[in-house]
Amino acid sequence: MTSDEPTAQPGWQTQDEASAPSVLDQCFDASSLSALRTATQACAAQARMPAERATDVVIALHELAANAVRHGAGSGRLRIWDHIGALYCRVDDDGPAFTLSKGHRDAGTDGAGSAGQNLADRWPREPGHGLWLARQVADQMTLRSDSRGTIAVITFAMPAIPS
Amino acid sequence: MAEIGQAGFAAARLEAREEDGVLVLRLSGELDVTNAKQVRSAVDAVLSSETERLIFELEGLQFMDSSGIAMLVSVAHKVREVQVRNPSTIVRRLIELTGLADALHVTPSGPVSLPAVPGHLRPAVWDASCVRSPFGRAVQRDAQRRPLPSATRFQQLSADDRQPDGDR
């Protein structure tokens, strides 16, 4: 990645993302995962996410960030948008593509790791695998990875507001 | 007692004591990928080959991630009986998600699933067809998930969004 703003990839930004300002935009590395969790918790509370569900948001986003720290570039950027009934969260890191081991490939239903597939759909089920956890608690999760980095987008629907 | 973790990173504290001949490990603070190895070493240091029962007291553990779960599973493989006592909300939730509540003898027991909240996106109806967790146990999963508002759904990310480049 050669640009000054490696995570600003217009092709990956939807109209919704572009029009709604992010409520959290924070870079992280191993030394700031704890602070990232605190910020995420505050963000979910501010968005009036119920406490139990806010716990899930923290669990999922920590696992995505920890994955970037441990298996990706070692650092990354988390952005959260609160937009019409859902929290949209995006974790970017500039690390290399996820390398699928034999077990990982076997876990896929279609085998090939061709571009355009959603890695989250066939992520390996491996003990302690944080991405498995993230996918369990999220309403929607998309994971893209290539030689230039990884982008995870995860969504949590907000509870309906009582009228 | 051992303080585990560097400045800025997750900090955990481990206190070991005996209660009626049973080893009790009180773990507090935060346990994540940045200090899991050290916590594991500290736990191993107080275990002996004779340790048959072990109680983890986790009410003071404010955060734990998948590496903490991996640590608990690993210890449970070594010690005949491992019990988790008074887990904090987030630890309880992790144990629930991974289907380890029985294996780790979580006390107090009772429903570990999220309470049903009116309007909450988690329905109180559980899918009878459980999904498999990576831990070899069945995990209950929501029968249905509240669909996202279609107008706000992220665009389907296509392969075109990232052109292949070989000059990295």
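Which residues is Ala65(A) in contact with, leaving aside its neighbours within four places in sequence?

1. The model is predicted: local features need pLDDT of at least 70, side-chain atom pairs count only at pLDDT 80 or more, and totals for chains, interfaces and linings use all residues. Residues are numbered from 1 along each chain as its sequence is written, while chains are lettered from A and ligands numbered from 1 in the order in which they are written.

2. With those neighbours set aside, Ala65(A) contacts Phe28(A), Leu33(A), Leu36(A), Gly76(A), Leu78(A) and Val91(A); contact requires C-beta atoms, placed from the backbone, within 7 Å.

3. Ala65(A) and Leu87(A) have the most contacts inside the largest nonpolar core, which has 75 residues. Such a core is a set of buried Ala, Val, Leu, Ile, Met, Phe, Trp, Tyr and Cys residues joined through C-beta atoms within 7 Å; buried means 20 or more other C-beta atoms within 10 Å of the residue's own. Helix H3 (residues 51-71) of chain A gives the largest share of this core, eleven residues.

4. In chain A, five strands form an open antiparallel sheet in the order S1-S2-S3-S5-S4. Helices (H or I, at least four residues) and strands (E, at least two) are DSSP runs, numbered from the N terminus. Strands S2 (residues 75-83) and S3 (residues 86-93) of chain A pair over seven bridges, pairing requiring at least two DSSP bridges. Leu87(A) in S3(A) is the bridge partner of Asp82(A).

5. Cys43(A) lies in helix H2 of chain A. Cys43(A) counts as buried because 23 other C-beta atoms lie within 10 Å. Beyond four places in sequence, Cys43(A) touches Val23(A), Leu24(A) and Ile80(A).

Notes. Buried ≥ 20, exposed ≤ 12 C-beta atoms within 10 Å, placed from the backbone. Contact = placed C-beta atoms within 7 Å.
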